[in-house]
Amino acid sequence: MIEAACHCGAVRMEIAAAPDQVTQCHCSICRKLGVLWAYYPRDQVRIIAAPDATLAYLRGERNIAFHSCKTCGCTTHWSAVDPARKRMAVNARLMEPQVLAAAAVREIQGPEG
Ligand SMILES: [Zn+2]
């Protein structure tokens, strides 16, 4: 198990395993957020935060919510709006630097909008 946390610590995550690979997405929002995504099934990530600790941003197609800490502004994760969709992503920049350094970085061109 590894942990990730935003800068102020209001949002913490317990994650089943360190990522082998993280994704740098060049879509319209990810390139502005400057994040590296580590994808997990929802049941492998436990988010430890007050229910209102994050701000959820829904872009164009409104099928995933990008969450950021309301206190320090760090992007923490995204999750699908549809609870049947089991995949989510954690911002790997919130993991310990040595965890991130051990992961390969894959670049993708995600959707615009
Ligand atoms: Zn924070």
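Is cysteine 8 buried, partly exposed or exposed? Cysteine 8 has a relative accessibility of 38% and therefore counts as partly exposed, where buried means under 20% relative accessible area, exposed over 50% and partly exposed in between, with a 1.4 Å probe and protein chains only.

## Basis of the model

The model is predicted: local features need pLDDT of at least 70, side-chain atom pairs count only at pLDDT 80 or more, and totals for chains, interfaces and linings use all residues. Residues are numbered from 1 along each chain as its sequence is written, and side-chain values use heavy atoms, with hydrogens and water left out.

The ideal angle for four tetrahedral donors is 109.5 degrees.

Cysteine 8 belongs to the loop between strand 1 (2–5) and strand 2 (12–15), and cysteine 72 to the loop between strand 7 (64–69) and strand 8 (75–80), so the pair ties together parts that are 64 residues apart in sequence. Strands (E, at least two residues) and helices (H or I, at least four) are DSSP runs, numbered from the N terminus. Cysteine 72 has a relative accessible area of 30% and is partly exposed.

## The largest pocket

The largest pocket holds about 210 Å³ of space. It is lined by 17 residues, of which Tyr39, Arg59, Ile64, Trp78 and Pro111 are the closest to its centre. A pocket is an open set of points on a 1 Å grid over the protein atoms alone, where a 1.4 Å probe fits, with protein on both sides within 12 Å along at least five of seven lines; lining residues have an atom within 4 Å of a point. Grid points are joined across faces, edges and corners, and the volume is the space filled by probe spheres set on them.

At least two lining residues come from each of strand 4 (37–41), strand 7 and strand 10 (104–108). By class, the lining comprises ten nonpolar, two polar and five charged residues. Ala, Val, Leu, Ile, Met, Phe, Trp, Tyr, Cys and Pro count as nonpolar, Asp, Glu, Lys and Arg as charged, and the others, Gly among them, as polar.

Threonine 23 is located in strand 3 (residues 21–25) and is buried, at 1% relative accessible area. Its side chain makes a polar contact of 3.0 Å with the side chain of arginine 106. Such a contact is a pair of N or O atoms within 3.5 Å; within protein, one must be able to donate a hydrogen and the other to accept it, and residues adjacent in sequence count only if both atoms are side-chain atoms.

Histidine 26 lies in the loop between strand 3 and helix 1 (30–33), and is partly exposed at 26% relative accessibility. Its C-alpha atom is separated by 7.4 Å from that of glutamate 107, 81 residues apart along the chain. Serine 28 lies in the loop between strand 3 and helix 1 and is buried at 14%; the C-alpha atoms of serine 28 and glutamate 112 are separated by 5.0 Å.
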